[in-house]
Amino acid sequence: MTASTHVTVTADAPRDADSPLLTYLDDATGDRVDLTATQLGGWAARTAGLLRDGCGLTPGSRVAVLLPPHWRTAAVLLGAWAVGLAVSFRPRATAGLPVLEPGGDLPYDAVFVTQERLDDWLEDVPDGTHRYLVGTGPDPLADVPVGWLDWSREVLRHPDVAPDHAAIRPTDPASPDGTTYGDWGAIAREMAQMWDLCAGDRLLVDAAEHEQPLKWLLAPLSAGASVVLCANLDPAKRDARVAAEQVTRVL
């Protein structure tokens with residue numbers, strides 16, 4: 001397990017509600033998105049509405065998420081978990097190998113995938129009743145194949161206020177393999193403690209090195225830390241990035 005690295009910085013004041021909870025950067029394209037807790041919660045609420053009201057999914061429905069570390073991935077995951085869905089997250093191509101989870105050979109209730117993975121001959125994209133493409137660039141997708149919908153457009157049909165739903169129990173499955181919400185929460189908190197993450201910390205994460213959302217999303221959020229998620233991180237710019245973003249921990 002990779003431990004976080006402590007970085008000494010000067011912090012004059014605690015972060016307020018207007019400070020970003022999640023910052024997404026791409027050193028290759030120059031893309032940058034800053035989301036406060038309210039803004040990220042709004043995108044998650046829209047996704048929850050899409051899945052519950054748009055797709056008719058209910059607690060226990062199975063969702064496959066084939067997305068890289070990204071702010072939109074955070075919105076999809078948090079939205080799915082907000083309505084009690086069981087999420088299968090696959091960071092790498094499956095190359096036709098069987099998915100070793102209960103019902104892995106059956107269609108999912110919803111599938112989220114990038115255009116790149118949909119077109120990759122190494123990728124075995126699972127079938128789903130509701131199928132969404134999720135772009136990783138700043139603009140809506142220009143070309144959406146028949147049978148697929150653009151998440152960035154469809155999600156805007158739903159309000160950015162979390163829909164009412166039945167309370168999620170810690171014993172409910174958060175993933176198709178039976179891992180519960182309570183299990184994932186405990187693992188996230190244990191990981192945050194191992195990294196000595198605290199409320200107010202700002203964690204820099206290299207997206208290419210840490211693809212699992214347990215590391216770049218759940219663990220820091222469980223500790224009250226904010227995240228700087230950087231795709232195509234340029235090692236030569238790391239120190240400058242740490243200073244500019246007031247980073248206190250590097251993963």
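Visitor: Which residues of α6 are buried?

Guide: Pro 213, Leu 214, Lys 215, Trp 216, Leu 217, Leu 218, Ala 219, Pro 220 and Ala 223 are the buried residues of α6. Buried means under 20% relative accessible area, exposed over 50%, and partly exposed in between (1.4 Å probe, protein chains only). This is a predicted model, in which local features need pLDDT of at least 70, side-chain atom pairs count only at pLDDT 80 or more, and totals for chains, interfaces and linings use all residues. Residues are numbered from 1 along each chain as its sequence is written, and side-chain values use heavy atoms, without hydrogens and water.

Visitor: How many of the residues of α6 is that?

Guide: Of the 11 residues of α6, 9 are buried, so the helix is mostly covered.

Visitor: Start with α2. At what angle do α2 and α6 pack?

Guide: Helix α2 (residues 71-82) and helix α6 (residues 213-223) pack at about 65°, and their axes are 12 Å apart. Axes are lines fitted to C-alpha atoms, for helices over the stretch in contact, with angles from 0 to 180 degrees between N-to-C directions.

Visitor: Which residues make that contact?

Guide: On the α2 side they are Thr 73, Ala 74, Leu 77, Leu 78 and Trp 81. From α6 come Pro 213, Trp 216, Leu 217 and Leu 218. Contact means heavy atoms within 4.5 Å.

Visitor: And α5, at what angle does that cross α6?

Guide: The axes of α5 (residues 181-194) and α6 cross at roughly 80° and come within 8 Å. Here α5 contributes Trp 184, Ile 187, Ala 188, Arg 189, Met 191 and Ala 192. They meet Leu 214, Lys 215, Leu 218, Ala 219, Ser 222 and Ala 223 of α6.

Visitor: New topic. How many residues are in the largest nonpolar core?

Guide: That core has 49 residues. A nonpolar core is a set of buried Ala, Val, Leu, Ile, Met, Phe, Trp, Tyr and Cys residues joined through side-chain atoms within 4.5 Å. The residues with the most contacts inside this one are Leu 51, Val 65, Phe 112, Trp 151 and Leu 229. The largest share of the core, 7 residues, comes from α2.

Visitor: What is Leu 229 in contact with?

Guide: Leaving aside neighbours within four places in sequence, Leu 229 is in contact with Leu 22, Thr 23, Tyr 24, Leu 25, Pro 69, His 70, Val 205, Ala 207 and Trp 216. Trp 216 is also in the contact of α6 with α2.

Visitor: Which residue just after α6 has a positive phi?

Guide: Gly 224, with a positive phi of about 80°. Asn 232 has a positive phi too, about 50°, although it is not a glycine. Another non-glycine case is Gln 246, with phi near 55°.

Visitor: Where are Asn 232 and Gln 246?

Guide: Asn 232 is in the loop between β10 and α7 (238-244), and Gln 246 is in the loop between α7 and β11 (249-250). Asn 232 is partly exposed, at 47% relative accessible area. Gln 246 also counts as partly exposed, at 41%.

Definitions and conventions
Helix = DSSP H or I, 4+ residues; strand = E, 2+ residues; numbered from the N terminus.
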